[in-house]
Amino acid sequence: AIIEAFYPGAAGSQALAESIFGRTNRWGKMPYTVYPANWTQNNSMLDMDVTHQRTYRYGAKAVVPFGSGLSLTKFKLDLQSRPLQKELPTESGATGLLKITYSVKVSNVGSFMG
């Protein structure tokens, strides 16, 4: 197994030991996006201008997207309020779409803190 800890800090060795021996929930989140090799060979990673459609939002389907990760615990999601969408007139007379976000209650139902 490979453990990549970047810079774990002063308490890093203790945290890694607790994780390896199952005393804590091992979890991790990707701090960057991993693209397929053929996409990175054809597109400059230095040119991530949104107008060229080359950011994490527009590029090729990511192999591992930014922020993805894992957890050993389980979560329950309960929708608290439903999204609302309504067309409203704008100042110019055209119609615009109003979106209201919804809320979700997240509960840890697993055996580890998450």
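Colleague: In which strand does L79 lie?

Modeller: This is a predicted model. In it, L79 belongs to strand β3.

Colleague: Is L79 buried, partly exposed or exposed?

Modeller: Look at relative accessibility. L79 has 44%, so it counts as partly exposed.

Colleague: Now take L97. Where does it lie?

Modeller: L97 sits in strand β5, which covers residues 95–100. Its relative accessibility is 48%, so L97 is partly exposed too.

Colleague: Which residues is L97 in contact with, beyond its neighbours within four places in sequence?

Modeller: A contact needs heavy atoms within 4.5 Å. L97 touches Q85, K86 and E87 in this way. Take E87: it is ten residues from L97 in sequence, yet their C-alpha atoms are 4.6 Å apart.

Colleague: How many helices and strands does the whole protein have?

Modeller: Two helices and six strands. Along the sequence they run α-β-α-β-β-β-β-β.

Colleague: What percentage of the residues count as buried?

Modeller: Of 114 residues, 8% do. The protein exposes about 9,700 Å², and carbon and sulfur atoms supply 56% of that area.

Colleague: And what share of contacts between residues at least 6 apart in sequence join residues at least 24 apart?

Modeller: That share is 61%.

Note on methods
Residues numbered from 1 in each chain as written. Predicted model: local features only at pLDDT ≥ 70, side-chain atom pairs only at ≥ 80, totals over all residues. Heavy atoms only, no water. Helix = DSSP H or I, 4+ residues; strand = E, 2+ residues; numbered from the N terminus. Buried < 20%, exposed > 50% of the residue type's maximum accessible area, 1.4 Å probe, protein only. Areas by Shrake-Rupley, 256 points an atom, 1.4 Å probe, with all protein chains shown as cover.
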